[in-house]
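Hello,

Here is the structure I promised to pass on. Please open it alongside these notes; the findings follow below.

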Amino acid sequence: MKRWGCPAVLAAFCLLAAEMAAAHSPVFDCFNGEDGQITCEGGFSDGTSATGVRVRVLDANEKVLLEGKIDADGRFTFKKPPVDFHLIFDAGAGHTVTLFGADIS
Amino acid sequence: MNSRCFATRHAWFALFAFLVAAPAGAHFQLIYTPEPALKVGGPLQMLLVFTHPFEAGHTMDMAMPAEFYVVSQRGKEARPQRTDLKKHLQEIQWTSLTNVGRAYEAQLPKGIVRSLGDYVFVLVPTPYYEGSEEKFIQQFTKMVLNVGGLPGNWADPVGLPAEIVPLNKPYANWVGGVFSGVVLADGKPAPHAELEIGYVNHEPNLSQRRFEPQARASAPQDSFVNLSIRTNDRGEFTIGLPKAGWWGICALGVGPQSQYQGKPLSQDAVLWVKATDMQ
């Protein structure tokens with residue numbers, strides 16, 4: 001058993017390191033722009049970029065109305081749907097943010 | 001006679017001069033807005049007033065600032081964006097507890113502070129002539145605001161001749177914590193620089209353009225009105241934040257220019273830090 005002690009400690013350290021690396025939290029917000037467009041901005045609380053993170057726009061029945069990705073400028077812009085909707089900024093497990101259309105100003 | 005010997009021989013005189021001069025010091029250029037850590041952006045009201053914030057005392061007449069702008073950045077990898085704000089400035093009369101002085105306010109439309117990220121507000125005042133000291137004072141002042149918790153350029157210098165660069169986010173500090181920064185003189189760390197620490201002890205009432213008369217704290221002795229510290233040999237400093245509200249840090253005379261219109265000029269650097277109660 002003893003020879004596993006070291007890898008076990010290593011594994012624990014790796015888990016801890018992974019946990020620490022994930023200590024940032026997702027930041028996501030949207031606002032009404034011009035011409036019925038909504039602009040969303042995403043990132044992480046440590047300032048790292050969210051470029052490429054998937055954003056889904058869903059209706060009240062969880063049907064996907066449209067989806068896209070955060071661009072190189074940290075933004076995702078789409079035309080405001082005519083129905084009630086919400087958005088999911090999906091940066092992986094534990095890193096999702098849901099925002100409701102009614103809360104967008 | 002070397003300067004150290006001179007200093008020793010004149011220590012008592014220097015102490016006396018300091019005590020006499022102290023009440024005239026402690027000018028602080030404010031860039032004030034009630035809350036620098038915003039959940040969402042929007043229209044913003046800002047106040048620029050040159051005053052003695054602990055006492056809400058004598059407010060100096062400001063001239064139209066040489067520059068007033070914001071450098072914003074959304075995320076660490078984004079590029080900083082500079083927006084001139086001078087066109088939003090409006091001259092006002094600000095009432096202190098002892099006088100009325102000329103100040104400026106800015107009503108910023110919602111488009112300026114809307115995106116997530118950091119906003120470093122920068123004020124370069126026109127030098128102010130302090131008649132009682134027969135010198136000009138110019139305080140390069142920064143106030144850092146954040147929207148939504150996405151950081152950006154809060155730790156980056158903007159390139160002022162006299163500048164305090166924060167080592168902690170100036171908008172996210174608990175009461176009881178400490179705050180550190182580096183004083184830069186012409187872009188280089190300023191060792192052993194003299195700092196004054198001020199506290200906005202009277203709430204600025206923006207709608208009535210005056211300080212609230214009620215003080216939050218009282219000083220048991222004059223040394224506490226503005227605390228004095230020095231930077232270390234790397235130009236760094238650390239202060240405590242014992243009470244909620246705005247704390248001002250002013251590095252005296254660190255800028256390179258020492259004359260203006262034939263008189264001595266003190267180019268100071270000011271940074272504002274907000275402490276928030278942990279609840």
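**Aromatic pairs and chain A**

Phe50(B) and Tyr128(B) are both buried. Keep in mind that this is a predicted model.

Tyr32(B) belongs to strand E1 (residues 28–32) of chain B, and Trp246(B) to strand E19 (residues 245–251) of chain B. That links distant parts of the chain, 214 residues apart. Both Tyr32(B) and Trp246(B) are buried.

Back to Phe50(B) and Tyr128(B). Their ring centres are 5.4 Å apart and their planes stand at 80°, so this pair is edge-to-face. Phe50(B) is in strand E3 (residues 44–51) of chain B and Tyr128(B) in strand E9 (residues 128–130) of chain B, so the pair ties together parts 78 residues apart in sequence.

A charge also meets a ring in chain B. The charged end of Arg82(B) sits over the ring of Tyr69(B), 3.5 Å from its centre.

Now chain A. Its secondary structure is one helix and seven strands, in the order α-β-β-β-β-β-β-β along the sequence. Of its 105 residues, 35% are buried. Take the contacts in chain A between residues at least 6 apart in sequence: 47% join residues at least 24 apart. The accessible surface of chain A is about 6400 Å², and carbon and sulfur atoms account for 60% of that. Phe28(A), Phe44(A) and Phe89(A) form one aromatic cluster.

Best regards

Key:
Residues numbered from 1 in each chain as written. Chains lettered and ligands numbered in written order. Predicted model: local features only at pLDDT ≥ 70, side-chain atom pairs only at ≥ 80, totals over all residues. Heavy atoms only, no water. Helix = DSSP H or I, 4+ residues; strand = E, 2+ residues; numbered from the N terminus. Buried < 20%, exposed > 50% of the residue type's maximum accessible area, 1.4 Å probe, protein only. Contact = heavy atoms within 4.5 Å. Areas by Shrake-Rupley, 256 points an atom, 1.4 Å probe, with all protein chains shown as cover. Phe/Tyr/Trp six-rings, centres within 6.5 Å; stacked < 30°, edge-to-face > 60°. Lys NZ or Arg CZ within 6 Å of the ring centre and 35° of its normal.
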